[in-house]
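Take a look at the sequence and the structure, and then read on.

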Amino acid sequence: MRNITTAFFLVLSVFVCVSGGAHSAGLSHSQKTIFEPLQFNLDHFNHLYAPLEINGTKMAVVNIYSEYPDYHFAIEPAEGFACVDDVARAIVMLAGYLKTHPNKAILKKMKMLIEFILYMQNDNGYFNNFIWHDLSINTGYKTSVAEMNWWSFRALWSLEVAYGLVSSDVDLVNRIAASIDRLMVNLKRDLPLGEQIAEIKNTIWVASWLPQKFAADQAAVAIMGLLPHYVRQKDGRVLDMINALAKGIMQMQKGGKGVYPYGMFLSWENEWHAWGNSQAYALLLAGQQLKHPEYIESALREVDYFYPYLLKNGLVESLSIRRDEAGYSEIHKRHFPQIAYGIRPMVYAAAEAYQATQDKKYLVLQAKLTSWFTGDNIARRAMYDQATGRTYDAINSAVKINMNSGAESTIEGLLVLQK
């Protein structure tokens with residue numbers, strides 16, 4: 001299935017106007033391709049999509065691993081072949097598609113994926129993450145335990161995003177609501193929001209009231225799920241949770257204009273990593289919906305100063321910092337791998353910065369970040385193949401890319417094109 005993303009063309013048009021002229025004459029062929037509109041192509045996603053029937057319930061998953069050159073499926077021996085993390089993101093991606101392209105077949109696929117999310121909810125109210133090839137649930141491995149972790153927050157996000165789109169299916173809506181309610185009992189109990197105290201970790205003052213104490217990245221995904229829940233339920237306790245998480249994320253921001261690390265939000269303790277770095281995006285959403293301009297101002301500091309620093313000095317996979325009398329300094333930097341999941345959060349934040357301010361400089365930034373997919377990257381290789389809908393798994397070095405195309409890369413690439 002192949003469709004044109006006109007919004008992306010508009011963003012690229014802005015980028016062409018700002019970046020054109022004398023400078024464009026000297027661009028290489030690979031750089032010029034970043035100005036071409038891209039097709040939003042679901043073909044490879046459809047290849048990864050797999051209907052199942054478990055205990056009489058029809059559902060679907062997305063195969064995690066798809067390996068070059070024939071893109072066969074593979075299983076991770078300690079985890080499984082499909083997971084809530086990827087299915088939840090697929091639901092968000094398909095929900096975004098349905099809002100602008102009503103389609104019965106896509107709606108059916110989204111419902112089948114929702115059934116998988118509901119199936120993976122543990123009796124304790126949280127979600128297990130992985131499923132084995134024999135369709136049993138992986139309940140024991142550390143990345144699949146039913147607990148307050150990435151996959152439970154993503155489950156909430158996806159179910160809330162999909163809720164209004166399946167309103168005609170009363171049974172499914174009721175089961176979604178019941179699932180969310182069970183999860184919310186846990187989150188209200190387990191999120192450590194009472195005493196908001198900062199701690200020093202590796203010389204850096206950090207918030208200690210976030211998920212896993214210091215996980216600002218997980219807090220961002222939690223906000224992305226809690227915001228639509230609050231809009232739907234108007235629960236004051238949920239509002240308190242969102243505000244506490246937002247303040248914790250802001251505590252993790254270091255530097256600013258002209259001051260290293262230029263408004264960067266730490267992801268965990270004293271480390272920033274590109275993957276899952278949705279803190280700015282979450283604060284922009286919360287700031288607009290809850291009328292908190294300080295959240296927006298904080299988010300814009302990272303978008304305005306840290307993102308351009310990365311683009312100018314080279315994208316990195318992760319970095320860690322320390323503080324001394326002179327200020328903050330870098331103690332470790334890792335350049336690779338660079339992945340779609342590391343680019344998408346920045347694209348989302350740039351797009352939301354435009355929504356919050358209507359300043360077209362954020363469209364230019366969004367286009368520049370998105371051009372990573374079309375060859376404006378250190379490897380000078382297109383990471384999205386619009387003919388097949390594949391987003392390749394990683395840039396592993398300045399001269400090598402990983403041409404596998406699994407669920408995470410595929411879905412994250414499509415989420416970028418939607419923006």
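What order do the strands of the open sheet of 3 strands have? The order is E7-E8-E9, and the pairing is antiparallel. Strands here are DSSP runs of E with at least two residues, helices are runs of H or I with at least four residues, and both are numbered from the N terminus. Two strands pair if DSSP finds at least two bridges between them. Strand E7 (82-83) and strand E9 (137-138) stand at the edges with a single partner strand each, so one side of each has no neighbour in the sheet. E7 and strand E8 (residues 130-131) are joined over 2 bridges in the antiparallel sense, and Cys83 stands opposite Phe130 in E8.

A word on the source: this is a predicted model, in which local features need pLDDT of at least 70 and side-chain atom pairs count only at pLDDT 80 or more, while totals for chains, interfaces and linings use all residues. Residues are numbered from 1 along each chain as its sequence is written, and side-chain values use heavy atoms, with hydrogens and water left out.

Now to the inside. Leaving aside neighbours within four places in sequence, Leu187 is in contact (heavy atoms within 4.5 Å) with residues including Tyr126, Phe153 and Met241.

Salt bridges come next: a side-chain nitrogen of Lys or Arg within 4 Å of a carboxyl oxygen of Asp or Glu. The whole structure holds 19 of them, including these:

| Pair | N to O distance |
|---|---|
| Asp86 and Arg89 | 3.1 Å |
| Arg189 and Asp190 | 2.7 Å |
| Arg334 and Glu317 | 4.0 Å |

Asp86 counts as buried at 4%, and Arg89 is buried at 2%. These two are 3 residues apart in helix H4, which means about one helical turn between them. By contrast, Arg189 is exposed at 54%, and Asp190 is partly exposed at 29%.

Conventions:
Buried < 20%, exposed > 50% of the residue type's maximum accessible area, 1.4 Å probe, protein only.
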